[in-house]
Structure formats: structure tokens, C-alpha cells
Amino acid sequence: MFDALSAHPMIAAARVKEPAFFCKADPTSVDYAEYDAQYDFDPDRHVYALEASTAYTKAPLTDPCATAAAMRRSGRRFRFMYLVRDPIERMASHIRNQIDDGTVTVERRFRHLALVEYVSRYAEQLERFRSGWPDCELAVFDYDDVIDPQSDVLSRMLDWLGLPACDAVGISHGNRSRSRLRTDEIFTVGQQRFLRSRLAPDIDRFGREWGIDVAKWGCR
């Protein structure tokens with residue numbers, strides 16, 4: 001999604017996709033200058049500066065409440081797009097990324113499982129974030145729409161951002177992970193069932209609060 005939206009001529013994308021700048025405690029004016037230098041923002045043609053820091057909603061590793069409060073205090077206008085997927089698939093992707101970056105090995109892939117599971121508690125993550133900025137502009141989008149070639153998700157995103165359609169904006173469906181492990185090679189069927197049952201209360205609340213079809217995820 002970052003790559004797709006970066007292609008829009010009215011969006012200036014960050015050089016580093018996930019700077020996680022607003023996780024920083026008490027940033028100085030120098031810090032802000034370094035952050036702004038991430039963008040080749042031209043006010044004559046750009047409407048948005050775009051980044052995609054997943055750390056902003058990654059409690060307990062980070063503090064989403066403090067992050068959102070820091071953004072609000074900055075005096076800048078933000079619009080947030082929160083992309084969700086089947087929580088077990090998200091956890092498997094998270095673990096594949098950890099294997100890729102050397103945080104864990106295949107044999108010890110569950111070393112940080114508590115954190116990986118908690119990040120998939122979407123209602124909790126958004127509740128924490130919005131506690132730091134209750135009236136922030138935030139929209140939730142479904143990853144299943146992103147990978148569906150027939151979906152109008154990009155048009156809906158651009159409409160929400162108030163931007164015109166653009167032929168240059170398109171989604172590439174390649175998988176960047178170097179790990180070849182499938183989800184069923186990371187979690188057994190029994191493990192998936194157990195994790196879905198643990199996540200069920202949060203996912204059910206998330207579906208009710210944000211209007212996302214969560215029944216297809218089987219968390220019950």
C-alpha cells in the first residue's frame with residue numbers, strides 16, 4: 001500500500017518507509033528537521049507526506065497512546081489508515097519478518113509470541129492509540145480488499161484522502177519476505193485454533209466498532 005500510494009503525484013513518500021519518528025520521546029526542533037528531510041515535499045504539488053510506521057500501533061513494544069498524543073501536540077494534520085488482515089496470517093507474517101531480520105530462528109520462532117499475538121489485538125491497539133487522540137481522523141481498511149484485483153480499495157482510499165484518481169497508482173502483489181514458511185508451517189492447526197480463541201473477544205469487538213467483516217477470520 002505504501003508503494004501504491006507513493007506513486008500518486010500529490011503524495012510525497014518518506015525515503016524510509018517506517019521512520020517511527022513519533023515513538024521518540026520529546027523530539028526537538030532538530031529531530032523534526034531531520035524527520036521533515038525524509039520527504040521531498042513540494043507544497044505547490046503535494047498534499048500529503050506519507051509514511052507507514054507500524055510501530056505506532058504496536059503495544060506493548062511501543063506506546064500508541066503516547067505516540068498519538070505526540071502527533072496531536074505537533075500541530076500537524078494527520079490522517080491515519082489502519083490496514084488489517086486475518087490476525088493469524090498477520091502473526092505468521094510478523095514471524096516471517098522476524099526470521100528474515102534475524103530476531104528469531106525457525107526453531108525458536110515463538111520466542112516473542114506474546115508480543116506477536118498482542119499486535120493482532122486490533123481493537124486494543126486502536127483503543128490505545130485513540131486514547132491519545134480521541135478525535136483523530138482514522139479509517140480502517142481490509143487487507144483482503146488489497147489483494148483482490150477486483151476491489152475498489154484504492155479508489156476508496158483516495159476518496160477518503162480527498163485525492164483524484166491516478167492511473168499510476170496500482171498494487172503490486174509480490175511477497176517481500178525471504179522466508180518461505182507457509183502459515184501452516186509456522187502454526188499447527190491446533191495452535192491456530194487456540195490463538196483464534198484467545199483473540200476472539202478483541203476481534204469481535206473490533207468488528208462491531210469498525211464495521212469490518214471478522215466472521216471470515218474464524219475467531220470465536
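A polar contact is a pair of N or O atoms within 3.5 Å; within protein, one atom must be able to donate a hydrogen and the other to accept it, and residues adjacent in sequence count only if both atoms are side-chain atoms. The views below come from a predicted model, in which local features need pLDDT of at least 70 and side-chain atom pairs count only at pLDDT 80 or more, while totals for chains, interfaces and linings use all residues. Residues are numbered from 1 along each chain as its sequence is written, and side-chain values use heavy atoms, with hydrogens and water left out.

View 1. Thr183 belongs to helix 9, residues 183–186 (helices are DSSP runs of H or I with at least four residues, strands are runs of E with at least two, and both are numbered from the N terminus). The side chains of Thr183 and Glu89 make a polar contact at 2.7 Å. With a relative accessible area of 10%, Thr183 is buried (buried means under 20% relative accessible area, exposed over 50%, and partly exposed in between, for a 1.4 Å probe and protein chains only). Apart from neighbours within four places in sequence, Thr183 is in contact with Ile88, Glu89, Ala92, Arg96 and Gln192 (contact means heavy atoms within 4.5 Å).

**View 2. Salt bridges between charged side chains.** The whole structure holds 19 salt bridges (a side-chain nitrogen of Lys or Arg within 4 Å of a carboxyl oxygen of Asp or Glu). In one of them Arg121 meets Glu117, with an N to O distance of 2.5 Å; Arg121 is buried at 17% relative accessible area, and Glu117 is buried at 5%. Another joins Glu127 to Arg205 at 3.7 Å, N to O, and this pair links distant parts of the chain, since Glu127 lies in helix 6 (residues 122–132) and Arg205 in helix 10 (residues 189–210), 78 residues apart. Lys216 and Asp144 also form a salt bridge, their closest N and O atoms being 2.9 Å apart; Lys216 lies in the segment after helix 10 and Asp144 in helix 7 (residues 143–146), so the pair ties together parts that are 72 residues apart in sequence. Arg77, Arg79 and Glu137 are linked in a network of salt bridges.

**View 3. The nonpolar cores.** The largest nonpolar core has 41 residues, of which Phe22, Phe206 and Trp217 touch the most other members (such a core is a set of buried Ala, Val, Leu, Ile, Met, Phe, Trp, Tyr and Cys residues joined through side-chain atoms within 4.5 Å). Among the elements that each supply at least two residues of this core are helix 2 (29–36), strand 3 (79–84), helix 4 (87–100) and strand 4 (137–142). A second, separate core of 12 residues includes Phe2, Ile11, Leu50 and Leu158.

View 4. The axes of helix 3 and helix 6 come within 6 Å and cross at roughly 35° (axes are lines fitted to C-alpha atoms, for helices over the stretch in contact, and angles run from 0 to 180 degrees between N-to-C directions). Residues of helix 3, including Pro64, Thr67 and Met71, meet residues of helix 6, including Gln125, Phe129 and Gly132. Met71, found in helix 3, is buried at 2% relative accessibility. Leaving aside neighbours within four places in sequence, the contacts of Met71 include Phe22, Tyr56, Phe129 and Trp133.
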